[in-house]
Amino acid sequence: MRNRFVAQRVGFALLTLAALAVVIPILAVVAVIVIRGAAAINWEFLTAMPRDGMRAGGIFPAIVGTVVLTLGTAIVAIPLGVGGAIYLSEYARDTWLTRSIRLAIINLAGIPSVVYGLFGLGLFVLLLGFGTSIVAGSLTLSIMTLPIIISTAEEALRAVPTEFRTVSASLGGTRWQAIRHIVLPQALPGIITGIILGLLRAAGETAPILFTVAAFYLPRLPQSPLDQTMALPYHLYVVSTQVPGMPPKIQFGTALVLLGLVLSLNVVATTIRSYFRRRRQW
Amino acid sequence: MKQKPHLRWVEFAIESLIRVIGFSTVGFVILIFLFLLREGLPAFAQIDLGNLFGTRWYPTFGLFGTLPLILGSVLITISAIVIALPLGVATAVFIREVAPNWAREILKPMIEVLAGIPSVVLGFFGMTLVAPIVRETFGAPTGLVAFTGALILAYMSLPTIISVAEDALDAVPKMYRDAGLAMGATQWQTIWRVVVPAARSGIVTAVMLGMGRAIGETMAVMMVTGNAARMPLGLDALFRPVRTMTATVAAEMGEVAHGSVHYHVLFAIGIILFVITFLINLAAASTMFRKRRRGGLR
């Protein structure tokens, strides 16, 4: 009789241990990078060009490059992603075509990032002749972020009650008027969350930009959309594996800037979501 | 009341535009596959299959044996899942069934943080901090070995496994739990004998999606596994350097001449990766679609 309660104790203890084994390394990664990276961060590190074969100076061009690439990704991925979500939530009926779109989205989400890199190289860099450029990199990244934006935005649109659309129709509104004036504004916080989650994934990815845009080292900032650029994730790869004698301070500093950028965007996204979920009146 | 003609035209234009955008996702998948085929298929014509699936990868000598790379990917993916499956499912059960509210409030954002860490950052952490620990613990000459890669990959696939497994546990009706408890079973017995088995198919989906994530992971793996293209056979394979398909493409594509045999072979590896992940996701998706049709429960 007592046995099974002992078993329960042991079982729960194991489950707790597993959860700790998941959480502690996460804390360790963040803590180590924050603590060791903080020593490198100062105004010069954030705003100066690299010097001495990147072993000194700052990482300014990499920061600028990542911001530019993320904006470029946003320009393409937001209309396509939100449009796709509107189609799936508002227009699509349950046909084999719709199912194949859902299947395509699941598969896009699962394609390895390096395969996106190959695709971008083949289509944007070589065939369309953009060369290794911000345009080619942004286009590659936007296709990669599409499934994230579509699935989060669709969820947000579906959460808007059907009655809202019915009422709009009963007042003589067209389908698009209902979407434009009622459904989209109501779903906006959820859609923005999805967009941010997609873009931060793009900001942190390395493999898709390896052959489409990333430069090992550029002594100046990119001048046009057809220029190459440095980028934070690739820069971290370069300083941690490609340059011998790199001071750890630079490596941890770069890692911290990248991690800080991505995690703060993450916090913004989840805060928007939970804030509006609480305020929602339906 | 009649609508203004201009309004009807706008409606039509917007609806068509949204339709086109919706279908474009299918177009992208097809486009990606066609491009891989276009650049990768010439490899099959240029070198014979015995070479392409041979055991030696020395591109400078015209040896393009992809077998060590395929086995390298398989070895660390399976090892990663062996680590991540018990850890992930146990954590999901803990979050869904056992944890007090405050613990759940801490755990869920932490796992979202893990999902958000860029793979290059985890790779950097792995090579500077995990690899030395692995080297000292196992007395290997280097810490950049398959095991380190598997460890990092396991944590990278955890967010996927945990969230999908959690959804599966969520879909188990409350009455199953009530029935278990009413029979006099302890909470643990109910979880172990009733809830987890009822969520089995969702857990299988979780593992498959985690595997898809692991086999396609590139940067972290390239940074921590040592990248030696040798056959990962023998008992100590886990503690020797290996090289995966993804790492090979990422490391070598930058240096090959466009249109060379080596270039086409790297695209051929891309085809293999695409097909593997496509099949895994297809299998995962079909269980998800089936679940939806049966109203949430298998």
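How much area do chain A and chain B bury between them, and what share of it lies on carbon and sulfur atoms? In this predicted model, the two chains bury about 7000 Å² between them. Carbon and sulfur atoms carry 80% of that area.

**The interface**

The contact involves 82 residues of chain A and 78 residues of chain B. Across this interface, 10 residue pairs are in polar contact, both residues at pLDDT 80 or more. On the side of chain A that touches chain B, H1(A) gives the most, with 21 residues. The classes on that side of chain A are as follows.

| Class | Residues on the chain A side |
|---|---|
| Nonpolar | 57 residues |
| Polar | 20 residues |

How many salt bridges cross between chain A and chain B? The rule finds one. The side chain of Glu112(B) pairs with that of Arg273(A), at 3.5 Å from N to O.

**Helix H4 of chain B**

H4(B) covers residues 101-116, 16 residues in total. From first C-alpha to last, the helix reaches 23 Å, close to the 22 Å expected at 1.5 Å a residue.

Which residues of H4(B) are buried? They are Ala103(B), Leu107(B), Met110(B), Ile111(B), Leu114(B) and Gly116(B).

Methods:
Residues are numbered from 1 along each chain as its sequence is written. Chains are lettered from A and ligands numbered from 1 in the order in which they are written. This is a predicted model: local features need pLDDT of at least 70, side-chain atom pairs count only at pLDDT 80 or more; totals for chains, interfaces and linings use all residues. Side-chain values use heavy atoms; hydrogens and water are left out. Helices (H or I, at least four residues) and strands (E, at least two) are DSSP runs, numbered from the N terminus. The expected span of a helix is 1.5 Å times one less than its number of residues. Buried means under 20% relative accessible area, exposed over 50%, partly exposed in between (1.4 Å probe, protein chains only). Contact means heavy atoms within 4.5 Å. Buried area is the accessible area (1.4 Å probe) that two parts lose on being put together, summed over both. A salt bridge is a side-chain nitrogen of Lys or Arg within 4 Å of a carboxyl oxygen of Asp or Glu. A polar contact is a pair of N or O atoms within 3.5 Å; within protein, one must be able to donate a hydrogen and the other to accept it, and residues adjacent in sequence count only if both atoms are side-chain atoms. Ala, Val, Leu, Ile, Met, Phe, Trp, Tyr, Cys and Pro count as nonpolar, Asp, Glu, Lys and Arg as charged, and the others, Gly among them, as polar.
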